[in-house]
Structures are given as C-alpha cells and as structure tokens.
Amino acid sequence: MGAFGFGIGTSEIEHLLASQTLVYKRLKTMRVTVDGELGSGVTSKDIIMALIENIGASGANGYAIEFAGPAISDLSVEARMTICNMAVEAGARGAFMAPDDKVFAYLQLKPRVPQGQLWEQAVAKWRGLHSDEGAVFDREVSLDVGTLEPMVTWGTSPDQAASVGAHVPDPAAQPDLILRQGMQRALDYMGLEPGMPLSDVVISHAFIGSCTNARIEDLRDVARVVRGKRVAAHVRAMIVPGSTLVRNQAEDEGLAQIFLDAGFEWRQSGCSMCLAMNDDVLAPGDRCASSTNRNFEGRQGAGARTHLMSPAMVAAAAITGHLTDVRTLALEA
C-alpha cells in the first residue's frame with residue numbers, strides 16, 4: 001500500500017501517553033526479492049511461510065522488510081496484505097511494498113479517498129514511494145516461488161513449516177543442539193513422530209479467520225474449494241470474516257450460503273479462535289488447521305495444537321478431515 005506501520009508494547013504505550021513521544025532506533029533494511037510464478041493452489045500465505053521457514057522466526061529481528069520482484073507485482077493488493085501482515089513472524093518490525101497501479105485502483109474504490117484533481121495529485125505523490133534505483137540494503141534475500149508448494153506448519157513456531165507433501169522432520173538430523181531441542185519439544189507438544197507424512201495428520205477443527213487471512217478474496221478461495229462438498233463428520237469448522245464489511249460482501253456474493261451448505265459455522269467478525277477469544281477455545285489435544293499467523297503453544301487453547309496454512313488449505317483439510325494438498329481437490333468456478 002506504500003504505507004509503513006509497526007506495533008508497540010505496553011511499556012511503549014505508557015511512555016507515549018506520558019510524553020507524547022516514542023524512543024525509536026533506526027531499523028536495519030532488508031529487501032526480499034520474490035521471483036517466479038505461483039502455481040495453482042499456491043498463495044501469498046505460502047510465500048510468507050516459505051520465507052519465515054527459510055530465514056527463521058528471528059531472521060528479520062531489527063529489520064524493516066521491503067518486498068519486491070515480479071511475483072509480488074503479480075499479487076493482488078489483498079494477497080500482498082497477507083505477506084506484510086505476517087512478516088512480523090520473522091521478527092521484522094514492519095514490511096513495505098512500493099505502491100503501483102493495482103494499489104491505486106484498489107484505493108480509488110474506497111470511501112473517503114481524494115476526488116478529482118486531489119486524487120491525481122495524491123497518486124502522483126504516491127508513485128514516488130519506492131526505494132531509489134541502486135539503493136543498498138543491509139541484507140538481501142531472494143526467494144524463487146516457481147516450484148513452491150502449499151505450506152503447513154508442523155511445530156509450535158511459524159518457521160517450523162514444510163510443504164504439505166513432506167514428512168515430519170527428524171530432530172536427530174539437526175546438528176545445532178538448541179534447534180534440535182526446540183524441534184523435539186515442538187514434536188512432543190504436537191504429538192507427532194519424525195518421518196510421519198504431514199498429509200496423514202488428522203484434524204479435529206478448522207478455523208478460517210484472523211487479520212492475516214479473512215479478506216473477501218480469501219473467502220472466495222474457500223468457496224471454490226468447498227462448494228458442493230461437506231465438512232468431515234469429525235471436524236468442527238468455522239469461518240470468521242475479517243470485518244463486518246467483508247461479512248456483508250460475502251453474504252451479498254452468496255459465499256456465506258456455500259459455507260453453511262458445506263457445514264461451516266458462519267460467524268461475526270472478530271479475533272475468535274486466532275487467540276482463543278471468548279468461547280472459541282480449543283481443548284487440550286484438539287488439532288486445528290488454521291489460516292492464522294501464530295501457532296505457539298496454547299495459542300488457541302491450553303494444550304491445543306495448531307497447524308498454519310492458507311485459507312484454501314484449511315478448507316481442504318476441513319473437507320477431508322486431515323492435512324490435504326488443496327491441489328488434489330476439484331475446485332469449482
């Protein structure tokens with residue numbers, strides 16, 4: 001969107017309220033250049049999960065990330081939002097993408113945007129919101145997504161992820177003692193065994209929601225997967241749209257009825273099961289396919305187990321009852 005934001009904690013909020021200022025150090029800069037063309041069933045969620053798996057959950061500590069490259073340009077604005085939203089799970093303080101004509105077209109349809117000559121002046125200014133030619137970054141990362149497959153997490157950190165066709169990794173193969181211990185702790189908590197195909201993991205719940213992946217395009221992807229199908233008998237599945245506006249649009253487009261016909265709960269917007277809000281709490285041992293951004297121990301309930309993936313992948317798991325490559329299911333137009 002050409003905008004940059006960052007989160008602050010409670011101590012910083014206290015300082016801000018007391019002094020009307022924030023003490024903030026200049027961030028290091030990282031450019032992530034994403035090349036290649038995404039295959040069918042692969043989404044921006046898979047891009048950011050692959051990056052986090054590649055550089056680690058602390059790989060961008062102290063950095064602001066700028067995403068660039070042809071694969072980013074090919075994405076819709078809402079798909080780009082997913083990447084920027086989840087970049088913090090690599091440790092980044094924030095993420096940025098240079099605005100382009102897709103962004104301007106997206107904004108022009110929104111309320112309260114400038115009109116007439118003011119709009120033209122704004123767009124002219126926004127076109128300058130990009131890094132200079134030849135700019136030097138503190139760190140450069142390249143990612144080729146041409147062969148990327150749908151991703152799922154197997155552990156208790158967003159960087160503990162693999163393609164859905166892979167197997168649960170063996171901690172014994174990890175030479176680093178700290179990482180090996182972390183992997184073993186994660187597998188113990190998740191109740192998984194090394195070498196187990198990820199596609200054999202049976203779920204009890206499916207959750208589609210959160211600020212990461214509950215926009216209208218996400219819900220359209222889900223509808224293409226579940227239309228004419230039914231949620232597995234042993235799975236409780238729910239969809240929580242990202243806002244009331246998204247909920248209303250999904251109902252206007254007939255998506256909500258597709259979800260209800262398939263056996264999903266259609267809920268009001270909110271945080272919900274992303275972090276076990278209100279009554280949307282998993283029980284110990286429950287296993288959830290989730291479109292959210294965090295899979296920490298207890299995130300969705302004490303003792304609950306969370307597997308992160310794209311909304312379409314969650315939908316596929318809800319239908320089959322286990323982690324499933326969405327590309328194996330027939331998609332409806």
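**Strands, sheet and cores**

Tutor: This is a predicted model. Strand 2 (residues 63–68) and strand 3 run parallel and are joined by three bridges.

Student: What makes strand 2 and strand 3 a pair?

Tutor: Pairing requires at least two bridges between two strands. Three bridges join strand 2 to strand 3, so they pair by that definition.

Student: Which order do the strands of the open sheet have?

Tutor: The order of its four strands is 3-2-1-4, with parallel pairing.

Student: Why are strand 3 (94–96) and strand 4 (139–144) called edge strands?

Tutor: Because each of them pairs on one side only. On average, neighbouring strands in this sheet are turned by 25 degrees against each other, direction ignored.

Student: Which strands does helix 2 (residues 44–55) lie across?

Tutor: Helix 2 lies across strand 1 (28–35), strand 2 and strand 4, and runs at about 125 degrees to strand 4.

Student: Why is the set of 49 residues called a nonpolar core?

Tutor: A nonpolar core consists of buried residues of listed types, joined through side-chain atoms within 4.5 Å. The set of 49 residues is the largest such core, and Leu-219, Val-226, Phe-259 and Phe-264 have the most contacts inside it. Helix 11 gives the most to this core, eight residues.

Student: What does Phe-259 touch, leaving out residues up to four places away in sequence?

Tutor: Leu-219, Val-222, Ala-223, Val-226, Ile-239, Phe-264 and Trp-266. Apart from this core lies another, of 33 residues, including Ile-55 and Met-151.

Definitions and conventions
Residues are numbered from 1 along each chain as its sequence is written. This is a predicted model: local features need pLDDT of at least 70, side-chain atom pairs count only at pLDDT 80 or more; totals for chains, interfaces and linings use all residues. Side-chain values use heavy atoms; hydrogens and water are left out. Buried means under 20% relative accessible area, exposed over 50%, partly exposed in between (1.4 Å probe, protein chains only). Helices (H or I, at least four residues) and strands (E, at least two) are DSSP runs, numbered from the N terminus. Contact means heavy atoms within 4.5 Å. Axes are lines fitted to C-alpha atoms, for helices over the stretch in contact, and angles run from 0 to 180 degrees between N-to-C directions.
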